[in-house]
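Reader: I would like to go through the ligand site, with the criterion behind each label.
Author: Ask about the labels one at a time.

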Amino acid sequence: MKRVGLLGGTFDPPHLGHLVVAVEALDQLGLDEVRLVVANDPWQKSDERRVTPADVRFALVERAVEGLSGVVASDVEIERGGATYTIDTLERLTSVEPDTSWSVIVGADAAAGLETWHRADELRHRAEFVVVNRGDDERDAPAGWRSVRLSIPGIDISSTLLRGRVADGVGIRLLTPDAVIADIDRRGLYLRAA
Ligand code: ATP
Ligand code: MG
């Protein structure tokens, strides 16, 4: 069976933290592939601030994974459209790729909120969850979720931090690949604080 990890996110923009999580999951768990799954409409976020259009975030993720073997960008949630629910994504992927086993990778902050995800009671039976520390945040999945811990060198950065730095005219070199920075600059993204 092929083993694939799914790292879902808004990726507004993608950054080194996301990439380290993906590579550590690949290497430590011996996965065949990790897909960065770009949320179409991150409904838990989109009420709070203006989220960059999904096709633009997907383009940034494609730049971010260039040359990183085993890590790919996925637009499966953008193709489906509408609000993004991981349970729908898993159902879709399972039907298209029945011979793959799926691990859902989440940072500690996301893990702590799993019970708030759409159809949480079904979701927790649907896949294995890989919970990664985020910086020194080591929160785990709630009781009753099939999960494994993945310990990585803490990278304490976020998309929020990068957006703020761009808005403030501060550089983001090394916090995300140069190709991502070039695309952010070319499109004029994040120039005003969200
Ligand atoms: P924002 O600041 O806009 O919320 P973010 O940096 O949290 O952005 P998301 O796209 O929300 O990025 O995160 C997608 C997934 O990646 C989540 O499961 C999140 O916990 C995880 N993640 C993001 N950054 C890190 C990091 N630095 N270390 C570990 N996990 C991370
Ligand atoms: Mg976040």
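Reader: What makes a residue part of the surroundings of ligand 1, and how many residues surround it?
Author: A residue is near a molecule if one of its heavy atoms lies within 4 Å of it. By that criterion 23 residues surround ligand 1, and the closest are Lys45, Asp109, Ile155, Ser159 and Thr160. This is a predicted model, in which local features need pLDDT of at least 70, side-chain atom pairs count only at pLDDT 80 or more, and totals for chains, interfaces and linings use all residues. Residues are numbered from 1 along each chain as its sequence is written, and side-chain values use heavy atoms, with hydrogens and water left out.

Reader: What share of ligand 1 does the protein bury?
Author: The protein buries 91% of the 600 Å² that ligand 1 exposes when taken alone; areas come from the Shrake-Rupley method with a 1.4 Å probe.

Reader: Which classes make up the shell around ligand 1?
Author: The shell has 7 nonpolar, 11 polar and 5 charged residues. Asp, Glu, Lys and Arg count as charged, Ala, Val, Leu, Ile, Met, Phe, Trp, Tyr, Cys and Pro as nonpolar, and the others, Gly among them, as polar.

Reader: What is the volume of the largest pocket, and which residues are closest to its centre?
Author: The volume is about 1,100 Å³. Of 45 lining residues, the closest to the centre are Gly8, Gly9, Thr10, Lys45 and Ala110. A pocket is an open set of points on a 1 Å grid over the protein atoms alone, where a 1.4 Å probe fits, with protein on both sides within 12 Å along at least five of seven lines; lining residues have an atom within 4 Å of a point. The space taken by ligand 1 is this largest pocket.

Reader: What is the peptide bond from Asp12 to Pro13, cis or trans?
Author: The bond is cis, with omega near 0°.

Definitions and conventions. Chains lettered and ligands numbered in written order. Sits in = over half its atoms within 2 Å of the grid points. Points joined across faces, edges and corners; volume = space filled by probe spheres on them.
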